[in-house]
Amino acid sequence: MSHLNTRLKAAREAAGYKTAAIAAEALGVSYSTYASHENGSRGVSRPALTQYAKRFKVTTDWLLSGKGDGPDGDADDYPNTRLVSANGSDTELDLELFDQATHAADMIIEDYGRQVSLEKRHKLIQQQYRRLRALRSKNLVKDSK
């Protein structure tokens, strides 16, 4: 699946919504708006993307890129789970912490009430990831393992 609209349809179906009309009603959006997102004829705003991800129980990253937790819950499609820091050292990416950071960043953006660029979202995710990693190193955040 290489396009957002294809992943959106797969997420809807996996969430149990047999038709786009049923999903649109559950989401509280017009059928024409949702259908245009699912058929790819119209771009999806950040708030709509967040709403779809929450309702269909996938991550916004999966809807956008196919990476992360999709409808089957697999996070195996991360092609590279190593991070290279600005100073050149690399560390293993903690996918659970990354998902938490992504969720925290999306909540901050949602509370902000305005759209932000993907670049700003990316920076916010990085900031949240570093913050959570620092808290975990001080045993203030537990591993779920």
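**Figure 1. Salt bridges in the predicted model.** A salt bridge is a side-chain nitrogen of Lys or Arg within 4 Å of a carboxyl oxygen of Asp or Glu. By this rule, 5 salt bridges are counted. This is a predicted model, in which local features need pLDDT of at least 70 and side-chain atom pairs count only at pLDDT 80 or more, while totals for chains, interfaces and linings use all residues. Residues are numbered from 1 along each chain as its sequence is written, and side-chain values use heavy atoms, with hydrogens and water left out.

**Figure 2. Close-up of Lys 54 and Glu 110.** Here the two side chains join in a salt bridge, with 2.6 Å from N to O. The pair links distant parts of the chain: Lys 54 sits in helix H4 (residues 46–56) and Glu 110 in helix H6 (residues 95–112), 56 residues apart. Helices (H or I, at least four residues) and strands (E, at least two) are DSSP runs, numbered from the N terminus. Lys 54 has a relative accessible area of 47% and is partly exposed; Glu 110, at 44%, is partly exposed as well. For these labels, buried means under 20% relative accessible area, exposed over 50%, and partly exposed in between (1.4 Å probe, protein chains only).

**Figure 3. Close-up of Arg 121 with Asp 61.** The closest N and O atoms of this salt bridge are 2.9 Å apart.

**Figure 4. Close-up of Arg 121 with Asp 106.** Take a look at Arg 121 again: its side chain also meets that of Asp 106 in a salt bridge, at 2.7 Å from N to O. With Asp 106 in helix H6 and Arg 121 in helix H7, the pair ties together parts that are 15 residues apart in sequence. Asp 106 counts as buried because its relative accessibility is 9%, and Arg 121 is buried at 4%. Elsewhere, salt bridges that share partners join Arg 12, Glu 13 and Glu 38 into one network.

Figure 5. The protein averages a pLDDT (the predictor's confidence in each residue, from 0 to 100) of 78, and 79% of the residues score at least 70. Confidence is lowest in strand E1 (residues 82–84), at a mean of 43, and highest in helix H3 (residues 31–38), at 92. Over residues 74–90, pLDDT stays under 50. Where pLDDT is low, the predicted coordinates should not be read in detail.

Definitions and conventions. Contact means heavy atoms within 4.5 Å.
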